[in-house]
There are 2 protein chains.
Amino acid sequence: MTSKGIDIERKLVRKLWEAGYAAIRVPASGAGSSEYPKPDIICGNGKRYMAFEVKKTKKDILYINKYDIKSLLMFSEIFGAEPYLAIKFSKDKFIYFLKINDLFTTKSENYKITYEQAIQKGLTFNMLINNSIKLEFNW
Amino acid sequence: MTSKGIDIERKLVRKLWEAGYAAIRVPASGAGSSEYPKPDIICGNGKRYMAFEVKKTKKDILYINKYDIKSLLMFSEIFGAEPYLAIKFSKDKFIYFLKINDLFTTKSENYKITYEQAIQKGLTFNMLINNSIKLEFNW
C-alpha cells in the first residue's frame with residue numbers, strides 16, 4: 001500500500017545536494033517536534049526553497065491524507081518554500097513532483113492521483129530543477 | 001560541560017513559531033543523514049532564513065568544535081540562510097545568538113567564547129527577530 005518512503009527520501013536528498021541544493025530530511029518522529037506542521041524534506045540554494053511531502057506506492061493510484069497536505073501547505077506558506085508532493089510508483093523508476101493544485105480530491109476531502117495523472121501533470125526531477133533556471137531568466 | 005541542548009532547541013523552535021517563522025529541529029541522528037552538513041535548527045518566514053547550531057553549558061566559557069561551525073557555515077552558504085550559534089549559559093535565562101565572526105579561535109583552530117563576550121557580542125532573541133524588520137525598511 002502507501003508508506004513513508006525513507007529510501008526515496010534519502011535518494012531525493014542526495015539528488016538535491018548533487019543539483020546544488022542544501023537539503024535536509026525531517027524525521028516525522030522526535031519528541032516535541034510533532035506539534036508544528038512540517039514536510040518530509042526541505043531544501044534551498046540561496047534563490048529557491050522547496051518543501052516536499054514524499055510518498056511511495058505499489059499501486060496505480062495514491063491516496064493522500066488531507067492532513068499531510070495541509071501540513072505541507074501551512075509549513076511552506078510560512079517558511080517561504082514551494083510545496084511539492086513527491087511520488088514514487090514502484091513500476092516506474094522516476095519520482096514525479098506534483099503541485100497540490102494538480103491533485104484530485106476524494107469525496108472525503110482527501111487527495112488522490114493515479115499513475116497516469118502523475119505522469120501527465122507531474123515534473124521529473126530534471127524538470128523540477130531546471131525550473132529554477134527559467135525563473136532566473138524571467139527576472 | 002558542553003552538550004547538545006535538546007530542551008533549548010525545543011524552546012527556540014517554539015519561540016520562532018511564535019515570532020512568525022516556520023522552524024524545524026534537525027535531529028543529528030538518522031541513518032543516511034549524517035553524510036551532509038546540517039544545522040540543529042532551520043527557520044524561515046518567506047523573507048528571511050536562519051540556521052542555528054545550538055549549545056548549552058554550565059561553565060562560563062564555551063568551546064565549539066571547528067567541524068560543528070564548518071558544517072553550519074557550509075549548510076547556510078548553500079541553503080541560503082544566516083548562520084548563528086545559539087548559546088545558553090546555565091546561569092543566564094537568555095539564549096545569546098552569535099555570528100561566527102564574533103567567536104574567538106583557539107590554538108587548535110577550534111572556537112571559544114566566554115559568557116562576558118557572549119553578552120557583549122551576542123543578540124538576544126528579540127534583537128535577532130527585530131533585525132528582520134530593520135532589513136525590510138532598508139530595502
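Predicted model: local features only at pLDDT ≥ 70, side-chain atom pairs only at ≥ 80, totals over all residues.
In general, the strands of a sheet pair through backbone hydrogen bonds, in either a parallel or an antiparallel way.

Strand E8(A) is joined by two bridges to strand E9 (residues 111-114) of chain A, and the two run antiparallel. Within this pairing, A:Thr105 has A:Tyr111 in E9(A) standing opposite.

Now step back to see both chains. Two copies of a chain are related by a rotation about an axis together with a shift along it. Here, chain B is superposed on chain A by a rotation of 180 degrees with 0.0 Å of shift along the axis, giving an RMSD of 0.0 Å. This is the relation of a two-fold axis. To find the axis from chain B, go to B:Val26: its C-alpha is the nearest to the axis in that chain, 3.2 Å away.

And how do the chains meet? In chain B, 21 residues are in contact with 21 residues of chain A. On the side of chain B that touches chain A, helix H1 (6-18), strand E2 (22-25) and helix H2 (66-79) of chain B each supply at least two residues. The residues on that side of chain B comprise 10 nonpolar, seven polar and four charged. Of the interface residues of chain B, 100% are also interface residues in chain A, so the copies meet through the same surface.

Terms used
Residues numbered from 1 in each chain as written. Chains lettered and ligands numbered in written order. Pairing = 2+ DSSP bridges. Helix = DSSP H or I, 4+ residues; strand = E, 2+ residues; numbered from the N terminus. Least-squares fit on C-alpha atoms with pLDDT ≥ 70 in both. Contact = placed C-beta atoms within 7 Å. Nonpolar A, V, L, I, M, F, W, Y, C, P; charged D, E, K, R; others polar.
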